[in-house]
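Notes follow in the order I looked things up.

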Amino acid sequence: MDVTQLVEGGWITVIGVTVVFTILGILALVLYFVGWLERRLVERETAGSPAPAPEESKERPKVSPRDLAIITAAVLAYVSEKAGQTRPLPFRRKVSDMWRLYGVQTQMEEVENFNYEMGKW
């Protein structure tokens, strides 16, 4: 490999990185300008039209905490009664530790045999 090839590769890399970041910068500026333009248009629309008069809000009747607790308890009782129709999960026995230990021992023996066959043991 010649030194001129190395220098040429370095210049190509520098030019490529410069082009990529220049395009990303231009894209960021365009997106910022679009956001600024949109904010200006929205401000003009709201400034040109009169503000709507506040509407009279309908007040909902207030529920006392006691009544709210009674309603909540009734809903929970109904939901729990409906949920009682589902079937229970089956009970699963725990696998014996002896099988797990046997599996670990077998794997260790396989690794030892493999290393011995390759001459690395």
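I call a residue buried under 20% relative accessible area, exposed over 50%, and partly exposed in between (1.4 Å probe, protein chains only). This is a predicted model, so local features need pLDDT of at least 70 and side-chain atom pairs count only at pLDDT 80 or more, while totals for chains, interfaces and linings use all residues. Residues are numbered from 1 along each chain as its sequence is written, and side-chain values use heavy atoms, with hydrogens and water left out.

**Confidence.** I checked pLDDT, the predictor's confidence in each residue from 0 to 100. The chain averages 79, and 73% of its residues reach 70 or more.

**Fold.** I counted three helices and zero strands, in the order α-α-α from the N terminus. Helices (H or I, at least four residues) and strands (E, at least two) are DSSP runs, numbered from the N terminus.

**Surface.** Of the 121 residues, 0% are buried. I got an accessible surface of about 12700 Å² for the chain, 65% of it from carbon and sulfur atoms. Those areas come from the Shrake-Rupley method with a 1.4 Å probe, and for residues only the protein chains shown count as cover.

**Phe33.** I found Phe33 in helix 1 (residues 3-48), partly exposed at a relative accessible area of 45%.

**Salt bridge.** I looked for a Lys or Arg side-chain nitrogen within 4 Å of an Asp or Glu carboxyl oxygen. The structure holds one such salt bridge: the side chains of Arg66 and Asp67 meet at 3.7 Å, N to O. Arg66 is exposed at 61% relative accessibility, and Asp67 is partly exposed at 35%.
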